[in-house]
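I opened this notebook to record what I looked up in one protein model, entry by entry. Each entry takes up one topic.

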Amino acid sequence: MATVYDIDFGGRLPALEAQEVSVDFGPREVVKDVSMAIPANGVVALVGASGCGKTTLLKCFNRMNDLNPEAEVRGRVLFRGQDVYDPAVDPMEVRRRIGMVFQTPNPFPQSTFENVAFGPKVSRMEGDLFQTVEDALRKAALWDEVSDRLHEPALRLSSGQQQRLCIARALAVGPEVLLMDEPASELDPQATQRVEELIHDLREEFAIVLVTHNLQQAARVSDYTAFLDNGVLVEYGPTEAVFTNPREPSTEAFITGRFA
């Protein structure tokens, strides 16, 4: 039976809930019976050693593991009370409402405008497309840097700008949740700071789940931290409490660098 962490989210309702979620890759169990809630309008950091299941758990939230034929997901993931793994649920709609930003910036080999416009076009969203693109770029703190070269190739942007472009691309389709898989791990310190500032701003509007190997980053940007060890959710709570007064010895060992 999964450990359930009853956390006071300050009156905010959960945007996502994992209920006894496990993931197997063939005979190997990568995520083991995880239950946790993700609050609306806040940042949850998933931390733990490499290979502990952070990214696999993250991908459960919007069914990205479906794209791996070896993956078998068990348990339930509720989004606004609906199980995203219900056979009647469209995975593409799940991924529109629960967007994802990957570790490596991956803009399409198109213009900056077309990168952001891609999702709204595919989804046949109504409204002014230019305004949708502008709004997404503004939310991603990129508009002022690219407004005069929207139709130039996105691959000409710096790596930090490309990552914020990918965030804008995710925002353009109107998600409620953003999943971020080490979004700053390949960026220089200045670009990392810009992404962290952006996460801080976006928390007011979105639920954000952030996988990071950088404990200092988790402490800076997250409201809540979940520590995973070998696929098990060991501890989950307010970030300050997890970092300064962890309940579990293994959490303390990891936070203080004595994790083996």
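**Ground rules.** I am working with a predicted model, in which local features need pLDDT of at least 70 and side-chain atom pairs count only at pLDDT 80 or more, whereas totals for chains, interfaces and linings use all residues. Residues are numbered from 1 along each chain as its sequence is written, and side-chain values use heavy atoms, with hydrogens and water left out.

**The sheet.** I noted first that strands of a sheet pair through backbone hydrogen bonds, either parallel or antiparallel. Helices (H or I, at least four residues) and strands (E, at least two) are DSSP runs, numbered from the N terminus, and two strands count as paired if DSSP finds at least two bridges between them. I found an open sheet of four strands in the order S2-S1-S4-S5, with antiparallel pairing. Strand S2 (28-39) and strand S5 (82-83) stand at the edges with a single partner strand each, so one side of each has no neighbour in the sheet. Strand S1 (residues 14-25) and strand S4 (residues 71-79) run antiparallel and are joined by eight bridges; Phe-25 has Ala-71 of S4 as its bridge partner.

**Leu-58.** Is Leu-58 buried or exposed? Leu-58, which lies in helix H1 (residues 54-60), counts as buried because its relative accessible area is 0%. Leaving aside neighbours within four places in sequence, Leu-58 is in contact (heavy atoms within 4.5 Å) with Leu-46, Met-100, Leu-179, Met-180, Asp-181, Val-209 and Val-211. Leu-58 and Val-211 are 153 residues apart in sequence, yet 7.5 Å apart in space, C-alpha to C-alpha.

**Cysteines.** I searched the whole structure for disulfides (pairs of cysteine sulfur atoms within 2.5 Å) and found zero. Cys-60 is in no disulfide, and the nearest cysteine sulfur, that of Cys-52, is 13 Å away. Cys-60 is buried at 1% relative accessibility, and Cys-166 is buried at 5%.

On a 1 Å grid over the protein atoms alone, a cavity is a set of points where a 1.4 Å probe fits but cannot get out, while a pocket is an open set with protein on both sides within 12 Å along at least five of seven lines; lining residues have an atom within 4 Å of a point. The largest pocket is lined by 20 residues, and Met-92, Arg-95, Arg-96, Phe-118 and Val-173 lie nearest its centre. Which helix gives the most to the lining of the largest pocket? H2 does, with four residues; helix H2 (91-97), strand S6 (98-101), helix H3 (112-122) and helix H6 (159-171) each supply at least two. As for the largest cavity, its lining consists of Pro-120, Met-125, Glu-126, Gly-127, Asp-128, Leu-129 and Thr-132.

Definitions and conventions: Buried means under 20% relative accessible area, exposed over 50%, partly exposed in between (1.4 Å probe, protein chains only).
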